[in-house]
Amino acid sequence: FGIDPRLKISSRAGETDFGFRWHTETQNRIQQNNNTLGPNGRGGTSVEDNQRKNQAVSGYVQHRFLLGRFTITPGLRLEHVNLERTNRLVTPFVTGKTDLTQAIPGIGVSFSPKDNVTFFAGVHRGFAPPRPADIISGTGGVVELDPELSWNYEVGVRSLPVKGLRLDAAFFRLDYENQ
C-alpha cells in the first residue's frame, strides 16, 4: 500500500509538477520441498521461511517550459529505498537491513509545427532496486549489489491526420547497467 499525492502549478511560463510517493510492502515467503508425498503432497521440509520488507519514499519535480510551439520538460526524481529480510528458519531469527538512494534525471522536448502533429524526444534514467533476497543474505549480511540502472532514449511523432484517426510512432532504445 502507499500514497502518491501530486501538485500542479500553472502559469504563463509553463507548468510545474511536484509529487511525493510512499510505498511499503511485506512478503512472507515459505518454500517447502516435498520428496516423499508425491505431486499432491501438502507438506515437506521447509527450506525457506523469510519475511521480506520494502519501503520506498520518493519525491519529484518537473517543469514544462512552454516556448511557442516548443516544450522543454526537465525533471528530477529522488528515490530512497529501505530493504529488510528476516530468516525465520533459524532461532533466534536473523534480520538484515540496508538502504539505497538514487537520483533519477530526465528531459523531454516536443515541437508542434501544426495543431495536429507533434514531434517528441526524451532521455530519462531508469532505476530498479535489488530484491531483498538478492541484497541481504540468509545470515543477515548485506551483499554489495548496486541497483539496476538504464538510460532510456525515445524519439517519435503523434498525429491526427484526419478526424477520428490518431497515428503515433516512436523509436526507443534502453541501455541497461547492472541488469
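Reader: What makes the contact between Arg52 and Glu48 a salt bridge?

Author: The closest N and O atoms of Arg52 and Glu48 are 2.6 Å apart. A salt bridge is a side-chain nitrogen of Lys or Arg within 4 Å of a carboxyl oxygen of Asp or Glu, so this pair is called one. Both Arg52 and Glu48 are buried, a word used for residues under 20% relative accessible area, while exposed means over 50% and partly exposed in between (1.4 Å probe, protein chains only). This is a predicted model, in which local features need pLDDT of at least 70 and side-chain atom pairs count only at pLDDT 80 or more, while totals for chains, interfaces and linings use all residues. Residues are numbered from 1 along each chain as its sequence is written, and side-chain values use heavy atoms, with hydrogens and water left out.

Reader: What does the salt bridge of Asp115 and Arg69 tie together?

Author: Asp115 and Arg69 have their closest N and O atoms 3.6 Å apart. Strands (E, at least two residues) and helices (H or I, at least four) are DSSP runs, numbered from the N terminus.

Reader: Which residues do salt bridges with shared partners join into one network?

Author: Lys8, Glu15, Asp17 and Arg64 form that network. One of its links is between Asp17 and Lys8, at 3.9 Å from N to O. Asp17 is buried, with 9% relative accessibility, whereas Lys8, at 49%, is partly exposed. The whole structure has 14 salt bridges.

Reader: Which residues make up the nonpolar patch on the surface?

Author: The patch consists of Phe65, Leu67, Phe70, Ile72, Ile107, Val109, Val123 and Tyr153, which together have about 640 Å² of accessible area. Two or more residues each come from strand E4 (45-67), strand E5 (70-87) and strand E6 (94-114). Accessible areas come from the Shrake-Rupley method with a 1.4 Å probe, and for residues only the protein chains shown count as cover.

Reader: How many bridges pair E6 with strand E7?

Author: E6 and E7 (residues 117-128) share seven bridges in the antiparallel sense. Two strands pair if DSSP finds at least two bridges between them, so E6 and E7 meet the rule. Two residues separate E6 and E7 in a hairpin, and Gly108 stands opposite Gly122 in E7. E7 also runs antiparallel to strand E8 (residues 148-162), with 12 bridges. Across that pairing, Val123 has Tyr153 in E8 as its bridge partner.

Reader: Which residues are closest to the centre of the largest pocket?

Author: The largest pocket has a volume of about 250 Å³. Gln62, Gly75, Leu76, Arg77 and His124 are the closest to its centre, out of 15 lining residues. At least two lining residues come from each of E4, E5, E6 and E7. On a 1 Å grid over the protein atoms alone, a pocket is an open set of points with protein on both sides within 12 Å along at least five of seven lines, whereas a cavity is a set where a 1.4 Å probe fits but cannot get out; lining residues have an atom within 4 Å of a point. Grid points are joined across faces, edges and corners, and the volume is the space filled by probe spheres set on the points.

Reader: What makes the backbone at Pro92 and Asn178 worth a remark?

Author: Most residues other than glycine have a negative phi, and most peptide bonds are trans. Thr91 and Pro92 are joined by a cis peptide bond, with omega about -5 degrees, and Pro92 is in the loop between E5 and E6. Asn178 is not a glycine, yet its phi is positive, at about 60 degrees. Asn178 sits in the segment after strand E9 (165-177).

Methods: Patch = residues over 30% accessible without salt bridge, like charges linked within 9 Å, V, L, I, M, F, W, Y side chains within 5 Å.
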